[in-house]
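I open this notebook to record what I looked up in the structure below.

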Amino acid sequence: MSEHNGKLVIFSAPSGAGKSTLVNYLLPQFPELSFSISATSRSPRGKEQHGKDYYFLSSEEFKAHVAGDELLEWEEVYAGTYYGTLRSEVERIWAQGKVVVFDIDVVGALNLKSQFGDRALALFVQAPSVEILEQRLRGRGTDSEEKIQQRVAKATIEMARAPEFDKVVVNDDLDTAKAEALAILKDFLGAQ
Ligand code: 5GP
């Protein structure tokens, strides 16, 4: 049995907090970490592949997995579009002696944390403020004003739940946030 058996690391953040940058920095430093591939009923976008980015299922298939109690958590993230974590996915990664990593929304993250307790590290990447988050979303130039307002509203609700996480990393200065997140992960994984 691996020393890492049965552990989970859950990253969550409001959109625009810089979570992807942090996760992309951290992952290569810990070969024992392996991403959980979520199931979704949405269609693949661009170059997304089944079994790599998501397990792309029809709504019927997704609901059959729910009925069979095969999902650890699931949500209708957008109207008519389901996302969730397959039990088999987590077990597949643990069977390799690895730690499962999640990049999911706040509700899903806290749901998993409540199921796994001390075996899970729930880490929230916090934006310095709602105003800065709004500026960052605008700076990306990828979203319409309406989408930005929707994301800001959702982010405000999500940011209020930060205290429910095990650890919060405020992404104000990126290098500081990277160092903090690295130390938190080393501590949880028992690295030297
Ligand atoms: P996207 O469609 O942009 O890939 O993801 C949309 C949203 O679904 C994101 O907020 C993402 O965090 C969330 N999401 C992705 N996978 C899961 C999952 O397995 N469970 C839950 N609860 N949310 C997920």
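Which residue in E7 stands opposite Ile 10? I found Phe 102 there.

I noted that the model is predicted, that local features need pLDDT of at least 70 and side-chain atom pairs pLDDT 80 or more, and that totals for chains, interfaces and linings use all residues. Residues are numbered from 1 along each chain as its sequence is written, and side-chain values use heavy atoms, with hydrogens and water left out.

**Sheet.** I looked up the strand order of the open sheet and found E2-E7-E1-E8-E9, 5 strands in parallel pairing. Strands E2 (33-35) and E9 (167-170) are at the edges with a single partner strand each, so one side of each lacks a neighbour in the sheet. On average, neighbouring strands are turned by 25° against each other, direction ignored. Strands here are DSSP runs of E with at least two residues, helices runs of H or I with at least four, both numbered from the N terminus; two strands pair if DSSP finds at least two bridges between them.

I then checked E1 (residues 8-12) and E7 (residues 99-103): 4 bridges join these parallel strands.

**Ligand.** I listed the 15 residues around the ligand (a heavy atom within 4 Å); Ser 38, Tyr 54, Glu 73, Glu 75 and Tyr 83 come nearest. A polar side-chain atom of Ser 38 is 2.7 Å from a ligand oxygen atom. For Glu 73, I read 2.7 Å between a side-chain N or O atom and a nitrogen atom of the ligand. Glu 75 also has a polar side-chain atom 2.7 Å from a ligand nitrogen atom.

Note on methods:
Axes fitted to C-alpha atoms, helices over the stretch in contact; angles between N-to-C directions. Polar contact = N/O pair within 3.5 Å; in protein donor to acceptor, adjacent residues only side chain to side chain.
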